[in-house]
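Please read the points below with the sequence and the model open beside you.

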Amino acid sequence: SDSSLEKPVQFYAGGNCEEIFMKKLLMEYKRLEKYLKMNNEIEMSEEDYRIYYNQIFCGICGDHLDWNTEDPKLRVVRHHDHFKSTSNFIAACHSSCNLKVQKCRKLCIVFHGLKNYDSKFILRALCKEEGARNVKVLASNTEKFIQIDTPRFMFRDSYLLMTESLEKLVKNLKSQSEDAFKYLRREVKTEEQFGSCLAKGTNI
């Protein structure tokens with residue numbers, strides 16, 4: 001990750017939350033837009049070429065590579081990181097596999113338990129800004145949204161990957177080491193605030 005893209009956590013409590021939230025979201029998109037649209041050409045060293053031409057398994061799916069195939073989906077291509085300008089070769093892979101792992105060009109916003117969160121205000125704000133036709137929702141019912149997508153933003157529910165409450169996830173990580181909370185340590189100023197952030201139902 002690029003640390004130059006990081007910024008301090010921001011809090012807001014008060015009226016017009018939909019308007020403020022959307023304003024901040026648009027500011028973040030504008031700040032990161034050039035990175036989201038980055039599409040650097042591949043740059044390979046002699047060692048990269050040696051690895052590429054000697055690879056026998058797809059670097060993505062792990063299946064065998066057929067260098068003589070005429071099937072366009074199984075054609076061997078060079079997989080690289082479009083967001084890096086140098087040393088960006090990753091592996092040889094099938095053409096179809098390479099297309100499947102293209103990086104998202106949208107700003108991703110993650111909620112833990114999004115489907116149980118009152119996200120109606122988020123949906124209203126997005127429909128107003130992006131246009132209702134451009135907002136796509138995947139829902140388990142009319143009240144619970146699993147994901148929300150627009151041309152510029154995508155909202156995801158991390159609970160689909162980590163099916164535990166935040167309280168339990170914090171306890172599990174805390175049992176390993178409090179040093180694991182490196183980003184939280186950087187944001188809070190005192191041990192009292194740090195302890196409060198790890199407790200349930202407390203505010204700082």
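How are H1 and H4 oriented to each other?

1. On the basis of the note. This is a predicted model, in which local features need pLDDT of at least 70 and side-chain atom pairs count only at pLDDT 80 or more, while totals for chains, interfaces and linings use all residues. Residues are numbered from 1 along each chain as its sequence is written, and side-chain values use heavy atoms, with hydrogens and water left out.

2. On the helix pair. Helix H1 covers residues 17–36 and helix H4 residues 120–130; they pack at an angle of about 60 degrees, and their axes are 9 Å apart. H1 and H4 are therefore oblique to each other. Angles under 35 degrees count as roughly parallel, over 145 as roughly antiparallel, 65 to 115 as roughly perpendicular, and the rest as oblique. Axes are lines fitted to C-alpha atoms, for helices over the stretch in contact, and angles run from 0 to 180 degrees between N-to-C directions. Helices (H or I, at least four residues) and strands (E, at least two) are DSSP runs, numbered from the N terminus.

3. On what touches what. H1 brings Cys17, Glu18, Phe21, Met22, Leu25 and Leu26 to the contact with H4, and H4 brings Phe121, Ile122, Arg124, Ala125, Leu126 and Glu129. Contact means heavy atoms within 4.5 Å. By class, nine residues of this contact are nonpolar, none is polar and three are charged. Here Ala, Val, Leu, Ile, Met, Phe, Trp, Tyr, Cys and Pro count as nonpolar, Asp, Glu, Lys and Arg as charged, and the others, Gly among them, as polar.

4. On the surroundings of H4. Its buried residues are Phe121, Ile122, Leu123, Ala125, Leu126 and Glu130. Buried means under 20% relative accessible area, exposed over 50%, and partly exposed in between (1.4 Å probe, protein chains only). The buried residues of H4 pack against H1 and the strands E3 (107–111), E4 (136–139), E5 (145–149) and E6. After H4 comes Gly131, with a positive phi near 95 degrees.

5. On Ser158. This residue sits in the loop between strand E6 (153–157) and helix H5 (166–176). With 12% relative accessibility, Ser158 counts as buried. Its side chain and that of His112 are joined by a polar contact of 2.7 Å. A polar contact is a pair of N or O atoms within 3.5 Å; within protein, one must be able to donate a hydrogen and the other to accept it, and residues adjacent in sequence count only if both atoms are side-chain atoms.

6. On His80. Strand E1 holds His80, which is buried at a relative accessible area of 11%. A polar atom of the His80 side chain lies 3.0 Å from the backbone oxygen of Asn40, and the side chain also makes a polar contact of 3.4 Å with the side chain of His82.

7. On the loop between H2 and E1. Is Phe57 buried or partly exposed? Phe57 lies in this loop and, at 43% relative accessibility, counts as partly exposed. Thr69 is in the loop between helix H2 (46–54) and strand E1 (76–80) and counts as partly exposed at 21%. The Thr69 side chain reaches the backbone nitrogen of Asp71 at 3.1 Å.
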